[in-house]
Amino acid sequence: MSLLNLNWFKFAAPQRFYGLAGSLIPWFVVSGVILTIIGLVIGLGIAPTDHQQGDSYRIIFIHVPAAWMSMLIYLVMAFWAAIGLIFNARLASMLALSLAPTGAIMTFIALWTGAVWGKPTWGTWWVWDARLTSELVLLFLYFGFLSLHASIEDVRKADRSAALLAIVGVINVPIIYFSVKWWNTLHQGASVSLTKAPTMATQMLTGMLIMVFAFWMYSIAVALYRCRNLILDRERHADWVKEVL
Amino acid sequence: MSQSASGFTIFLGVITRDLRLALRRKSDSLAALIFFAVVASLFPLGIGPEQNLLMQIAPGILWIAALLAAMLSLHKIFSEDFIDGSLDQIALTALPLPLVVLAKTIAHWISSGLLLTLISPILALQFNLPIDTVGVLFLSLLLGTPLLSLIGSIGAGLTLASRGSGTLLALIILPLVSPVLIFGAGAVESYQSGLGVAAHFSLLGAMLALALFLAPFASAASIRIALE
């Protein structure tokens, strides 16, 4: 059966998706590991030392992919949450819930590596800069999503309430971004900018992009794995689950 | 209420009902006001009575104190009606649910945000802010506190079904209202530093217009999830 005439809705059933996810996870894990190795070899071995920051810049190979993933995962999470809310699709809600912890971890890694990077380059762990603050707010949005979901007993209500929160949060993300920019013009804090990107050496950029794909693979694998667990948990009364286990 | 009651009558009816309830229990609104004053007065104790520093950070302090005080009564917008079942009745009126939510939010704003705004000049004078700056602060709170009630009503609806307390509501809402805080306090700060306030006020106004339209729908959706 070719991919084109595959019925994608077939996999909206948790049972079928469970099987599909199970067969897909090894691929994402393997490609994730391979990409990480290549990315780290390029990043830590081949890429030249930065003439301004020395070797401390090399944390970029973790920092930037994590920061990108943190925002992307929020959007993807809100997308699936919305699908789950609008079409009452159980699997979509489970996917959204599976993505949230990974998104929160990515946000945390981005903040943490940013602090580690900030210490040698700016001489400080933390600056109330626009990007940093909005990233921190993003972390709180993830926490809000997860704790709201955890606090509601009824799973369906939890899915729907958390979905609504995720959607409201999306509207807020660009607002936070721009408002903090306004706020920052008054405070004149030190600013991080990505204007360095075009002047980046090719090996640096290659290493970084490979690491971005490695993070993609990792996130997909982990989210699918978590989703499989969620399916098992929520369908525990179904006969097929007993057969699987 | 007569059967022929028009939508507008019901709308006003919901507002007056909630306001009357708030009046019967003055201690809630008063507690928020006292909390506002106490938090604002604790800052000089914590930071030290240095006049220039306090003047500089007063807008931020007053804004944060107002935000936290408004947060105190937020869960009450729907929770009491939800527990005694009258929210089900209210949801069944001829008025669309988003409008009912809007009416309840307006009542909440009058009994919390508006009162906070009204006493803010007194607190601002304590921080030695000049009269015109106090005016800007007053206007920024007047524009900003309805936003707190509107955005907060979404969180109040979402936490109805949860066994979580007010802490959860704060966790959900505080990140969402951070732009309000930034522009609200930012307006006063930029006025103090001689820059115009127009940009901040325009953005606050734009956010208010947007929230007036969107927030009632989101809150109504969250209430429907809790009621079903």
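Buried area is the accessible area, taken with a 1.4 Å probe, that two parts lose on being put together, summed over both. In this predicted model, local features need pLDDT of at least 70 and side-chain atom pairs count only at pLDDT 80 or more, whereas totals for chains, interfaces and linings use all residues. Residues are numbered from 1 along each chain as its sequence is written, chains are lettered from A and ligands numbered from 1 in the order in which they are written, and side-chain values use heavy atoms, with hydrogens and water left out.

Chain A and chain B bury about 2500 Å² between them, with 75% of that area on carbon and sulfur atoms. Contact means heavy atoms within 4.5 Å, and a salt bridge is a side-chain nitrogen of Lys or Arg within 4 Å of a carboxyl oxygen of Asp or Glu.

| Item, chain A and chain B | Value |
|---|---|
| Residues in contact, chain A | 29 residues |
| Residues in contact, chain B | 30 residues |
| Salt bridge count | one salt bridge |

The salt bridge joins B:E228 to A:R160, whose closest N and O atoms are 3.3 Å apart. On the side of chain A that touches chain B, α4 (130-151) and α5 (155-187) of chain A each supply at least two residues, and α5(A) gives the most, with 17 residues. Helices here are DSSP runs (H or I, at least four residues), numbered from the N terminus.

Helix α1 (residues 14-46) of chain A has 33 residues and should span 48 Å at 1.5 Å a residue, which agrees with its end C-alpha atoms being 44 Å apart; the expected span is 1.5 Å times one less than the number of residues.
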